[in-house]
Amino acid sequence: MSPSIIRVVIAKPGLDGHDRGAKVIARALRDAGMEVIYTGLRQTPEQIVAAALQEDADVIGLSILSGAHNSICPRLMELLREKGLDDVLVVLGGIIPDADLPGLKALGVSAVFRPGTSMQEIIDFIRRETAAKAGAPGR
Amino acid sequence: MKERDIPFQTISGRPIERLYGPQSIPGFDYGAELGDPGEFPFTRGIHPSGYRGKLWTMRQFAGYGTPEETNRRYRELLSAGATGLSVAFDLPTLMGRDPDHPLSLGEVGKCGVNVTSLADMETLFDGISLADITTSMTINSPAPMIFAMYLVVAERQGADWRAISGTIQNDILKEFIAQKEYIYPPRPSMRLVTDVFTFCSRQVPRWNTISVSGYHIREAGATAAQELAFTLRDGVEYVQAGVEAGLQVDAFVPRMSFFFNAHSDFFEEIAKYRAARRIWARVMQDRFGAGDERSLKLRFHSQTAGVSLTAQQPMNNVMRTALQALSAVLGGTNSLHTNSLDEALALPTAAAATLALRTQQILAYETGVAAAVDPLGGSYFVERLTRDLEEESAGYFRTIDNMGGMIAAIERGYPQREIAESAYRFQQDVERRRQLIVGVNEFIAPAGDGEERVPILQIDEEAANRQLRRTERLRRERDGDQVKRALSALCEAAAGTANTMPALLDAVRAYATIGEMCDALRDVWGEYQEQAII
């Protein structure tokens with residue numbers, strides 16, 4: 001079976017409009033051969049989960065720079081579980097203090113990419129993790 | 001000797017030659033191109049005495065949590081020698097949402113202070129005399145609402161509106177272009193901007209009614225030339241709008257100010273500020289026939305580049321900021337904010353913010369750079385860069401003019417697409433190591449080693465709850481009928497052609513919240529949805 005194209009929803013939750021990072025990453029993933037859906041600005045967790053469901057996403061990439069991650073991520077992960085989307089890989093990029101990393105990991109956020117992360121590192125991570133999930137039983 | 005095998009170019013991708021000389025600036029004409037400081041076209045500065053008369057204003061942008069907490073930080077900054085205040089609002093305030101709105105979840109007090117009503121504004125400036133300081137407020141879509149709150153606080157302190165001074169950013173065009181904190185569609189948004197111009201020209205004559213901002217355009221990924229061109233073309237759009245609203249050019253343009261980024265490419269930035277002054281003077285004279293010299297003089301604030309700060313080896317950010325600040329000073333900035341070393345990680349701690357202010361004080365008092373005006377004027381390299389930036393900017397002006405102006409260009413997604421392209425190109429240069437960043441793609445500290453940990457400001461999660469409870473109490477205790485009447489008068493003004501400021505002042509005096517005032521106008525004008533471009 002040939003590997004299918006990785007489908008990624010890039011989402012910008014919360015009230016913040018700083019979309020440089022989200023757009024650069026969306027483009028880098030697309031240039032790396034992934035199918036990228038960018039939600040645009042100011043998406044609620046409900047809207048992001050609905051987009052992931054509709055687009056049959058393998059990955060959700062969140063961009064949060066405003067400090068709202070500790071409120072948004074728990075809500076999003078809860079909704080994903082409710083909809084049976086727990087196998088979707090969730091990664092987060094933004095301004096995230098060290099102290100918040102363990103809490104985000106515990107929620108099920110697979111990776112946190114902070115300023116200075118290379119696009120290649122993000123691409124490699126997504127390829128590796130989605131391949132691992134595809135190889136896992138039950139998928 | 002063989003040159004190193006790297007691209008010699010500015011951070012914006014502009015190729016740099018090995019050596020500049022007289023042949024680099026053919027036909028150089030001192031009087032026409034430069035003029036002395038204080039003389040047309042103001043390339044060398046707007047004051048004949050430069051910083052010998054008045055140093056730049058050291059204005060540090062600050063705000064977080066509740067109005068009480070931020071009020072304390074302001075008093076600290078003033079006692080540490082800051083010469084002006086600059087208010088950072090949180091996202092709910094910037095987006096015209098009350099703390100109890102669902103979209104405010106997790107955002108209250110996070111990247112700025114929450115100001116929901118006049119009561120919060122009173123607390124924010126408690127013990128600070130508005131007659132004696134100047135305040136800059138970074139607020140755009142709800143600028144008239146926040147400005148109305150500030151005016152009512154001044155009124156209650158007994159300060160004369162005709163004497164107070166400060167700045168509201170009030171620059172909606174760059175929100176559509178870059179920062180994306182818009183509420184209403186472009187055209188009614190412009191109406192709010194010109195309402196402020198008109199109101200201030202009559203009642204608050206010393207207030208800077210707009211800070212036309214390239215900062216956010218640059219942070220979003222624009223090159224130096226794009227920052228320069230889009231910002232100044234926005235300025236032209238505002239002048240045009242003011243004229244169309246019936247104002248005389250010289251009645252409001254002298255109160256317009258600008259705001260630029262101080263990025264990492266030292267000489268290109270200095271040239272950018274010099275080119276900005278020259279272009280503005282010429283455009284105001286040629287396009288608008290401005291007669292008052294103050295309309296020709298571009299005054300600007302600058303801030304070091306947040307986007308250049310790295311989470312890796314954060315102490316390095318002190319050096320970046322100092323050098324960026326130096327470029328702004330050599331370029332003749334009128335006021336300056338220096339970023340703190342910890343801002344790629346969180347909002348700054350008080351200690352980090354103080355160090356950032358000290359950086360400016362060292363520049364001002366120890367280095368001697370403030371002694372001679374425009375010390376780089378006449379440098380072959382800097383003059384050539386200044387010319388190149390002016391020329392590149394003129395190209396963008398032509399493109400935007402041909403599209404029918406900046407609003408039309410924005411509606412077509414033109415500046416947004418240009419900036420996204422530049423952002424992607426820069427990121428690719430970093431990936432391919434054509435652009436080196438210390439600690440990020442060169443001189444990387446071994447994992448787990450050498451990465452200094454810096455203390456991080458923790459925003460009290462209780463701040464949001466306090467603001468929620470306060471809003472609830474406010475709604476209970478104020479005169480609900482008075483609020484209702486004021487909001488319906490506001491809708492009436494917005495639906496017609498009357499200036500919206502008097503109705504906003506009445507709504508503020510009745511303690512209407514920012515969400516209520518913005519919602520009233522949402523009902524009249526609707527909300528803007530952008531076409532996401534990647």
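This short talk walks through helix packing in chain B, one buried residue there, and the contact between chains A and B.

Before I start, please keep in mind that this is a predicted model, in which local features need pLDDT of at least 70, side-chain atom pairs count only at pLDDT 80 or more, and totals for chains, interfaces and linings use all residues. Residues are numbered from 1 along each chain as its sequence is written, while chains are lettered from A and ligands numbered from 1 in the order in which they are written.

Let me begin with the helices, which are DSSP runs of H or I with at least four residues, numbered from the N terminus. Two packed helices are described by the angle between their axes and the distance between the axes. The axes here are lines fitted to C-alpha atoms over the stretch in contact, with angles from 0 to 180 degrees between N-to-C directions.

In chain B, the axes of helix H9 (residues 224-244) and H11(B) come within 10 Å and cross at roughly 25°, and H9(B) and H11(B) are therefore roughly parallel to each other, a term for angles under 35 degrees. Their crossing is right-handed, meaning that the near helix is turned clockwise from the far one by less than a right angle. Among the residues of H9(B) that meet H11(B) are Leu228(B) and Leu232(B), and among those on the H11(B) side are Ala275(B) and Trp280(B), where contact requires C-beta atoms, placed from the backbone, within 7 Å.

Helix H11 (residues 266-286) of chain B also packs with helix H13 (residues 316-330) of chain B, their axes coming within 8 Å and crossing at roughly 30°. This crossing, too, is right-handed, and Phe266(B), Glu269(B) and Ile270(B) in H11(B) meet Leu323(B), Ser327(B) and Leu330(B) in H13(B).

Now, is Ser12(B) buried or exposed? Ser12(B) counts as buried because it has 22 C-beta neighbours inside 10 Å, the cut-off for buried being 20 or more. Ser12(B) sits in the segment before helix H1 (30-34) of chain B, and, leaving aside neighbours within four places in sequence, Ser12(B) is in contact with Thr223(B), Ala224(B), Ala225(B), Asp265(B) and Glu268(B).

Finally, how many residues does each chain bring to the contact between them? Chain A brings 30 residues and chain B brings 31 residues. On the side of chain A, helix H1 (20-31), helix H3 (69-82) and helix H5 (119-135) each give two or more residues, and H1(A) gives the most, with 5 residues.

How values were computed
Two residues are in contact if their C-beta atoms, placed from the backbone, lie within 7 Å. Angles under 35 degrees count as roughly parallel, over 145 as roughly antiparallel, 65 to 115 as roughly perpendicular and the rest as oblique. A residue is buried if 20 or more other C-beta atoms lie within 10 Å of its own, exposed if 12 or fewer, and partly exposed in between; C-beta atoms are placed from the backbone.
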